[in-house]
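Please look over the structure below and follow its side-chain contacts. The text takes charged pairs, then aromatic rings.

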Amino acid sequence: GESDAIISVLTEKGIISFKARGIKKITSKNAASCLLYAFSEFECTTKGNYKYLMRGSLISSNYQLYEDIDRMCICGLISETILTFLPEPSKQIYILFEYLMRVVNGEFELFSFAAIFLAKIIIECGFGLDVDGCVKCHTKNKIVSINYAEGGLICYKCRENENIESPLYLKTVRYIFKVDEQNYFHHVIERPLAIRLIKELMNYLKNQYDYRKLVFCEMFFETY
């Protein structure tokens, strides 16, 4: 009916979808649990090939993200990237999203974590950059640049038309691809650098799939 909706939920086992009957009604008892970015528990029943919501229990609405354009933009960008490029996200992506909600609630710097999250999405997509040495000759010495088309860092001898980057930039690129879960909140990336990296990572990911238009990606580029 008109008051029904299909709800997609990120879980530890990937993305699941179910039909929520009457969810759009003001009187729906399950409406709060199905809010965007809410952390909830669901009980479903299966009929034929479809799942139907029986009961939803709201744990946290994460309402803070609606109070700030930065939070809304980052959450939209990350969610859109997952839904577009990761049809079967791993448990690690679910854990990262849990961390993102903690960041939204003020536990860490938003843009720093967004850069880390995008790097981990790129790794899961199979396009992780080579940040252990020069992508061309594999030396670990005199790394001076990056070439996204080549897939990694570039040393001084192999550099052609690439710009020479600052040591801070190069260390940060390596950091976001190598950092483990225990250290996600260890280092704050300066916001201008984090924004630059987010834009570069999104362009890199879109180019891998020859994908041109993403709504929240375009919003991010226009806003920042």
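Which residue forms a salt bridge with Asp-4? The partner is Lys-19, and the closest N and O atoms of the two are 4.0 Å apart. The model is predicted. Lys-19 belongs to strand S2 (residues 14–20) while Asp-4 is in the segment before strand S1 (5–11), so the contact ties together parts 15 residues apart in sequence. Asp-4 counts as buried at 15% relative accessibility, whereas Lys-19 is partly exposed at 28%.

The whole structure holds ten salt bridges. Another of them pairs Asp-70 with Arg-191, with 3.2 Å between the closest N and O atoms. This pair links distant parts of the chain, since Asp-70 lies in helix H1 and Arg-191 in helix H5, 121 residues apart. Arg-191 also meets Glu-109 in a salt bridge, again at 3.2 Å from N to O. Glu-109 sits in the loop between helix H2 (91–104) and helix H3 (110–125), 82 residues from Arg-191. Through shared partners, Asp-70, Glu-109 and Arg-191 form one network.

In one of them, the ring centres of Phe-85 and Tyr-211 are 5.6 Å apart and the planes stand at 75°, so the pair is edge-to-face. Phe-85 is in helix H1 (residues 69–85) and Tyr-211 in the loop between helix H5 (191–209) and helix H6 (215–223), so parts 126 residues apart in sequence are tied together. Phe-85 is buried at 5% relative accessible area; Tyr-211 is partly exposed at 35%.

How values were computed
Residues are numbered from 1 along each chain as its sequence is written. This is a predicted model: local features need pLDDT of at least 70, side-chain atom pairs count only at pLDDT 80 or more; totals for chains, interfaces and linings use all residues. Side-chain values use heavy atoms; hydrogens and water are left out. Rings of Phe, Tyr and Trp (its six-membered ring) pair if their centres lie within 6.5 Å; planes under 30 degrees apart count as stacked, over 60 as edge-to-face and the rest as tilted. Helices (H or I, at least four residues) and strands (E, at least two) are DSSP runs, numbered from the N terminus. Buried means under 20% relative accessible area, exposed over 50%, partly exposed in between (1.4 Å probe, protein chains only). A salt bridge is a side-chain nitrogen of Lys or Arg within 4 Å of a carboxyl oxygen of Asp or Glu.
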